[in-house]
Amino acid sequence: MSGGELLTDRDHINQLADHLFRHESGKMVSILTRIFGPENIDLAEDVVHDSFVEAIMHWTYQAIPDNPSAWLFRVAKNKAINIINREKFKTQYVSEEYLQSERVPNSMSHLTFSDEEILDDQLRMMFACCHPSISIDSQVALTLKTLCGFSIPEIAKAFLTDRENINKRLVRARQKIRSAKIPLEVPYGADMEKRLSSVLETIYFLFNEGYNASTGEDLLRYELAEEAIRLAEIIVSHPAFKDKSDVYALLALMQLDASRFKARQDNDGNILTLEKQDRSAWDYALMEKGFINLEKAAMNSQLSSYHLLAGVSAYHCSAASYESTDWKSILELYSKLIEIDNSPVVLLNRAIALSKVNGAEKGLAELDQIPKTASIEKYYLFYVTQAEFYIQLNQFSKAIESIQSAIPLAPLTREKSLLRKRLEFCRQKAS
Amino acid sequence: MKDYLLIIKTEGSVWTDLSKEQLQKHLEHGTAYIGNLLKEGKLKNANPIDKGSRIVSENKGVLKDGPFNETKEVVAGYFHILAKDINEAVDIAKANPIFKDIPTKIEVHPMMPVGG
């Protein structure tokens, strides 16, 4: 190898967009899974990975090309063509049904990677990954792996578990796809509403996983929330979904919630309640997108829980300060929400809104009304809410009891420390 | 300026053990690092190592070859650099951002000048 052959002089270095590899990977895996068939997701992932390796080997020594996506797609396409041409592919990898279907490309010319195809394929992938016959844990793991380009260690870290656990979820998901012969299709007609609802549920689950535990050190978990938003954006960009108000409502909800994210911790990484947040740290650009989608969600008279929750989030976002929050309107929304969803979390949030409108005494009474199931009794925020009502009524010894119930139930260390500070505050007041 | 051979040995492989996100970061700071060396005129050649390595060995007069022992330590690539002395060569090796991506050792070998 003579000197300087591979290495070229570069005046500038092309930059890659944030998470480009992950997102391109999601697109490429979707397309190749369509080409190879849903039973062969693994093969699709291998081809995509090999394409990235090749890209990096070349680009490190020859500079990042002006259009990295096109480069990646071209390489993946060539690898796919080679694989399809091999007789081994037809005999070993695909089922008879798949060969009969329209999916198998008959000639090279059918292998197009146009923008429409890429969008269609990602949607097909989403509906396959989020199929209701797969458990939700497995749905989320498979979606993150295939559509979002996360690795198994990254998913394990995000869900605070180990690789074996995630691997099991993936294996189960893939097995289910094979055994249930889950097709790679965007459903239509009567099936569509139900299937879409399942997809949205998974996306919202993913969002909450990212949103609830996120602080500076858990940047990866915030990226889950970003991915959830991105997946919903993919759905609304497809013409088949432009009259599906639920998707716009979910997207609005996520964007409005996420816009307040950066203010949730102070410089030392401590959690700040909504009351204490510096509102100038909110992401107003993202918030505006949320408001626009909230408008779009009002396209028909349907009111899903996503609509109502988005509405609540909107009221918080549009308040100049905690004190000026329109709690009355929020309470109205929660009162509508409990008709669709009377889970303890919703009842609890409604109680908080009610206390803002009618006082802490009524808030406490509302808490008493909540049916005491195992899930509410283990929910630390129930006791935290109770404690805050007692504090407002200057009943500090009762507040101390509630906080003490909350602390062992709080899942994260930083939540526990926030509670201990509150306990200190109550003790000082009580003495 | 003297010639030095830098051999990059990673624990595990960059190609199999990094996620897409990590690969992107690896690429971004790798190209910056190489770009800098080129600008400073310190890089004569560099290459990553591909799959399919073999090892040739001799036992009792018989030569055999087989697949490269799949130990955890993988030869990832090499750099042929120019530096004024071993200390500068070591500094150049230390600046390689691969240390951020994966556990790595870099061997720094002074190349004996041979006339020509």
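A: Of the 431 residues in chain A, 36% are buried; a residue is buried if 20 or more other C-beta atoms, placed from the backbone, lie within 10 Å of its own, exposed if 12 or fewer, and partly exposed in between. This is a predicted model, in which local features need pLDDT of at least 70 and side-chain atom pairs count only at pLDDT 80 or more, while totals for chains, interfaces and linings use all residues. Residues are numbered from 1 along each chain as its sequence is written, and chains are lettered from A and ligands numbered from 1 in the order in which they are written.

Q: Is E227(A) buried or exposed?

A: E227(A) counts as buried because it has 25 C-beta neighbours inside 10 Å. This residue lies in helix 11 (residues 219-236) of chain A. Beyond its neighbours within four places in sequence, E227(A) is in contact with C148(A) and L206(A); two residues are in contact if their C-beta atoms, placed from the backbone, lie within 7 Å.

Q: How many helices and strands are there in chain A?

A: Chain A has 21 helices and zero strands. Helices (H or I, at least four residues) and strands (E, at least two) are DSSP runs, numbered from the N terminus.

Q: How is the packing of two helices described?

A: One gives the angle between the two axes and the distance between them. In chain A, helix 12 (residues 245-259) and helix 13 (residues 284-297) pack at about 155 degrees, with axes 8 Å apart. Axes are lines fitted to C-alpha atoms, for helices over the stretch in contact, and angles run from 0 to 180 degrees between N-to-C directions. That angle makes helix 12 of chain A roughly antiparallel to helix 13 of chain A, a word for angles over 145 degrees, whereas under 35 is roughly parallel, 65 to 115 roughly perpendicular and the rest oblique.

Q: Which residues does chain A bring to its contact with chain B, by class?

A: In total, 28 residues of chain A are in contact with 21 residues of chain B. Helix 2 of chain A gives the most to this side, with seven residues. The chain A side divides into 17 nonpolar, seven polar and four charged residues. Here Ala, Val, Leu, Ile, Met, Phe, Trp, Tyr, Cys and Pro count as nonpolar, Asp, Glu, Lys and Arg as charged, and the others, Gly among them, as polar.
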